[in-house]
Amino acid sequence: MSTRLREAAIRHLRAHGAVSPEGLVRRLTMDVEVDTQIEMVTLSLRNGELQCVSSDGQNDGRHVIAALEFVAGFEQRDDSLLPGVETVTGRRSLEPPQQSELADALDELLIAVTRIGIDKARYAPSVDAALERVIEVAPEPTPPGLGRFIGRLRQEVLSGKPRRAARILEGAARLADALKVESRTEASEERIRAWLGPRPGSVPELELLYDRTMVEVAREWLAGTTRASVERRYLVDLTAGAIYREDRPSQATASLGPCPRQIHVGLAEVEPGPAPQRIRVLQYEVRPEVPAESWERLHQIARRSFAQLMETYRRAVQVYPTLAEPFALIAPYRIEHDDGFIALDSEGHRLALERTERRGSVLAFYDLLNEGIEPAWFAGRLTDVGSTLCISPFAFATRNHDYTRL
Amino acid sequence: MKKPVNRKTTPNWTALEHFLREGIASTECGDPREELGCAADADDREVARELVRATATNDIEEIGTESLHPEAARHPSVRPPPEGAADPSFLGRLSATGTGDISVDQIDDVPTILAVLRAGSRKQRRAALKRLGERLRDRRGVPNDALRAATQTITELRDVEIGYELARLRTELPGAPGRKARSEHERWKRLAAEIKEAVRSFWDGLLDVEPIHVLPGDDRALLLMRTPELPAMVMHHINAIIEGNDGCVPRESRVGLLASFRNATDRRLVPTLVAVIESARGELLAEAARVLGGIDDPRAHPALVERFERSIVSEERVALAGALGMHGDCRGLPEVRSLLQEDQPASILHALEAMESLGSSENSELVVRFLDHSDIGIAVQAARTLTRISDGRVLDELGERYNTTSVPALRAAIEDALSAIAARMELRGEEVAEIDWSEVGNKPAPRQGSRDSLPTIVLGWRDYFMGRLWLLLGRINWAVARFESAARRRAGWVVPLIGIGMAFARGKQYALALPAFRRAIELDRPRIERNPILVRAMAKSFLHRAEQVEREGRDDIARGLVGEVLTLDLRRAPGTVRFELKRKHDVLGKEEHDDVHSAA
């Protein structure tokens, strides 16, 4: 495929989309007919890179070329290259000198926080200045991983939890190491990709999903460089039981629909990285009502062993102490809520409620339990308090498939 | 040359946590280098790295080593102690939820329940209505007079804020009111079924417009009044619109939809409202806060507090303060008071609204002065706020305004306020204020028609009856011509004008109905205001015409129409229509132009 065609398409997407006063065009989806065969083609500009895919799974097929021609306005072209491998260097990429700057800025932030201490960090101008510096030297717009780090660090500093803050900072220190290392390893590459997105010139190792049925069980707003900068939706794959996160930055779009909803995913990309893995739903159909059999399936795939759950959780935070925010669907064997809340599995392992985060939801959950509601399963973000595995509840459903979002 | 490493076998984790908390520069707990096994001359970068690495590694390794950490085992339902009631009287201490020492569900005396229904807070009124329903179902020990009074109150009460609870209770009444309520419920069921199908089509891509957004205003208000009975799928759809995840509804319409839920109690809205409170700004946030304030749910208060503490925009803070007031948290009162004292035009209306839940008798003097405000909307809101504050000391002032104002809507609001204050005084054990309506009811005399000669009267009635006949035969134009002829013959005769208005309203020709209604109002306003059928047709005509011109993009004209009809006494119009008119007025513009003529 022509590089000129791709360049022209990128130019037109930027000219007509990126600078439009009405908003940013990040993805175009169109139905293209070639020789009576109709396919849906998705074009998206991500980190300066044009990604093209058609609903028959090809990214350089005739439908993709026709779509690019449509966008580019039928310009002449004379050479060919596969889409997805060509790099467009933009201001959004992180050049080697900037990488070193970012690593230094992260180190400075680490020193600023540990020097002043967590208790005083929230009022410390040195910490604010270090955070500003990190944002300043980071690529624009701030990559989601880095943004989430800033959001989580601010949150932990505010709540005054030194151990949790140490974990967040440890993740940043590992990123700084990965950015500084001369000869990149697979692990360091993966870490950088999780924090800063794919490096210019690299081919992101995306897993493509076709024809999956998923149910969104929960969503929440998370802090990044600003409060409530990302809406995160949790999608459960009814076939494999995997849980994905779909992140929608504020002022941007993602897949449409309410929570809960069932979506039939025609095509989606899954990024490797911290749990839960990030998904980009490219082609989908929405059903605002979730059928009973899907609720039943969710109950079947919910985790029943808390020991296994804890192992999974520990592994996730060991690898990504900052970015891992595991989410789980749990079917407890028994719930005790007379004197505190404890969910038990069949082997007697315990799971407690995280009380401080999402306080209102915890209270509402507890009130409903006191009213006699018995959850068949519940979903929530995993965390730990002291050394106990806890869950911050987001939603639950009864055996009658009465779903409640918390 | 670096000094040798002095590594301990096992670090003291408590000491490391202390260093993290207090900072490595702190000297209270010794030198962190020693604890971490760093070289004595290691720089801060190395110490900081080692400190977070060691702490994080140990913290993660510890996960699962303890069956139940004491912190995790703490009871999750521990709530902050409730703030002391500002009002120590019976009504101030009366609990709506059954948790306090005096609770509405313990009251057996029907007159007391009726007084709470007039003078209580929104939650108390809801609880009183529920209790009244229970007393009507179990009539043991209830005197017949009290039963009659209760039935009459339920039939006649026009409290939009508890519209859903009223509508439900009315379906249980015997006779015509019950039949009417049941018939309205059937209409709602049909509408809900249609909407459910339309929602399904919308998500299937068969409809390109959002189905609730395009409903006529009164139908939408009717549909959303019974939110708790809506199917789950419709509620999920509504939540998607409010969150902006439907892909087509513009922001202004989201604000409008949120305003429709001002009196909702459905907990299924709470997660979405909390999400909007967390993420939105400006008008959208303010509307979400107002809705959330009215829903009794443990998720509401923490979300409102968190946002109130970090918001700096006045519009948002006033709405959040009012919503917190509904949950018994008066932290925003000083700010709302100061806004009213500063008399900032942009904030008065919403500050007065917030004062409904925040205000006490100490604030009544501050509110009373807005009864004279040139903006009728603000004056009416001040009367509503005084209704909720219910301070007996403002009775005289209210009576005086009642006699001096010529705006029917303000007179109606003052009547409600006087009645609520009397009920509150009764509940407080004070001497019941007997309102002498002959004194305060110094209403302007309706315009008397000129005396017509007998032949003129006969000819006028002949034309009128001919008009009715043509109407029966479906000849609207001929009928209208006859009505016009009758009106020409007798200049002060309102009946044919009402006939024209009603004929056009039934034919959904609202633009033609308005002039007739306006002429009728000019001749004999009380006749229309006191007749529920006429006032409903008139209010709906104004509402639907406003929607028509709004769809044409002429928002100013729509705002003018809604503002015009809101100056009338609409208490006999259906609650859904009144609510929708008020909502549309709020949504169409913050400030009504001064040059909008009063319909009075």
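How many bridges join strand E6 of chain A to strand E8 of chain A, and do these run parallel or antiparallel? I looked this up to begin with: two bridges join E6 (residues 243-249) to E8 (residues 277-287), and the strands run parallel.

**Ground rules.** I am working with a predicted model, where local features need pLDDT of at least 70, side-chain atom pairs count only at pLDDT 80 or more, and totals for chains, interfaces and linings use all residues. Residues are numbered from 1 along each chain as its sequence is written, while chains are lettered from A and ligands numbered from 1 in the order in which they are written.

**Strands of chain A.** Strands (E, at least two residues) and helices (H or I, at least four) are DSSP runs, numbered from the N terminus; two strands pair if DSSP finds at least two bridges between them. A:Val265 stands opposite A:Tyr284 in E8(A). The hairpin of E7(A) and E8(A) has six residues between the strands, and A:Gly273 takes a positive phi near 150° there.

**Chain B overall.** I noted 31 helices and two strands in chain B. Of its 600 residues, 46% count as buried (20 or more other C-beta atoms within 10 Å of the residue's own, with C-beta atoms placed from the backbone).

**The core.** A nonpolar core is a set of buried Ala, Val, Leu, Ile, Met, Phe, Trp, Tyr and Cys residues joined through C-beta atoms within 7 Å. The largest one has 278 residues, and B:Ala288 and B:Leu292 have the most contacts inside it. Helix H23 (residues 408-427) of chain B gives the largest share of this core, 12 residues. I then checked the neighbours of B:Leu292: leaving out residues up to four places away in sequence, B:Leu292 touches B:Leu273, B:Ile277, B:Ala300, B:Ala303, B:Leu304 and B:Ala323. Contact asks for C-beta atoms, placed from the backbone, within 7 Å.

Notes. A residue is buried if 20 or more other C-beta atoms lie within 10 Å of its own, exposed if 12 or fewer, and partly exposed in between; C-beta atoms are placed from the backbone. Two residues are in contact if their C-beta atoms, placed from the backbone, lie within 7 Å.
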